[in-house]
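The entries follow the order in which I looked things up.

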Amino acid sequence: MDRDSTGILFRAAVDGDTAAWKSLVEGLSPLVWSIVRAHGLRDADAQEVYQTTWFRLAQNLARIREPDRVGAWLASTARHECVKVIRTARRISPSDDPEVFDRTVESHTPEQAVIDAEEASMERERMRATWQSFQELGENCRRLLRLLMASPPVSYQEVSATLGIAVGSIGPIRQRCLRRLRVLLAERGFR
């Protein structure tokens with residue numbers, strides 16, 4: 001979906017055209033999902049971020065000043081929502097308050113605690129494999145992916161100027177880098 005068609009669809013959606021809204025969601029959902037998945041969230045959190053991102057767009061329809069850049073707005077919002085979820089998860093810290101542990105025992109069975117621990121362990125292993133695979137990418141891929149994942153987001157023009165590559169080459173190079181990263185992760189047993 002190019003920027004012109006995105007802008008046209010967005011303006012029609014703002015004017016109440018439900019078909020345009022549906023097309024906008026279908027066209028930009030892969031972008032939102034790619035960002036959400038890149039943050040390695042659990043499925044439930046990923047679904048929450050995806051829905052929240054679209055909800056935020058619906059809340060801010062009147063505030064979008066550049067309709068042809070609604071994709072960038074969604075990408076930025078998805079990144080911010082992912083970071084919120086990750087930060088919230090990090091805020092959970094051990095406590096010496098016995099009531100905290102009592103509540104935990106009441107709400108979680110021992111089996112659930114084992115399942116949670118295994119899931120957390122698998123998540124840590126997946127993150128470690130992701131970073132190891134990332135380190136095996138070439139320097140150009142690492143630099144490009146870091147810039148594209150920066151917060152606040154960096155425009156393609158800024159990426160082009162920083163790395164000295166044409167704006168039109170950024171997307172194809174990014175795809176090759178991500179494809180290589182997926183191969184490296186698959187070699188480690190992760191998808």
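Entry 1. I began with Arg 56, which is partly exposed at a relative accessible area of 25%. I use buried for under 20% relative accessible area, exposed for over 50% and partly exposed for what lies in between, with a 1.4 Å probe and protein chains only.

Entry 2. I noted the basis of the work: this is a predicted model, local features need pLDDT of at least 70, side-chain atom pairs count only at pLDDT 80 or more, and totals for chains, interfaces and linings use all residues. Residues are numbered from 1 along each chain as its sequence is written, and side-chain values use heavy atoms, with hydrogens and water left out.

Entry 3. I then looked up the partner of Arg 56. Glu 81 forms a salt bridge with Arg 56, and their closest N and O atoms are 3.2 Å apart. The pair links distant parts of the chain, as Glu 81 belongs to helix 4 and Arg 56 to helix 3 (residues 43-59), 25 residues apart. I take a salt bridge to be a side-chain nitrogen of Lys or Arg within 4 Å of a carboxyl oxygen of Asp or Glu. Helices are DSSP runs of H or I with at least four residues, numbered from the N terminus. Glu 81 counts as buried, at 9% relative accessibility.

Entry 4. I checked helix 4 itself. Helix 4 covers residues 70-90, has 21 residues and reaches 30 Å from its first C-alpha to its last, close to the expected 30 Å. The expected span is 1.5 Å times one less than the number of residues. Among the buried residues of helix 4 are Val 70, Leu 74, Arg 79, Glu 81 and Cys 82.

Entry 5. How many salt bridges does the rule give? I record a count of 7 salt bridges.

Entry 6. Glu 123 is partly exposed at 25%, and Arg 126 is partly exposed at 21%.

Entry 7. I next examined Glu 136 and Arg 188, whose side chains meet in a salt bridge at 2.5 Å, N to O. Glu 136 lies in helix 6 and Arg 188 in the segment after helix 9 (167-187), so the pair ties together parts 52 residues apart in sequence. Glu 136 is partly exposed at 44% relative accessibility, as is Arg 188 at 30%.

Entry 8. Last, I noted that salt bridges with shared partners join Arg 56, Glu 81 and Lys 84 into one network.

Conventions:
Helices (H or I, at least four residues) and strands (E, at least two) are DSSP runs, numbered from the N terminus.
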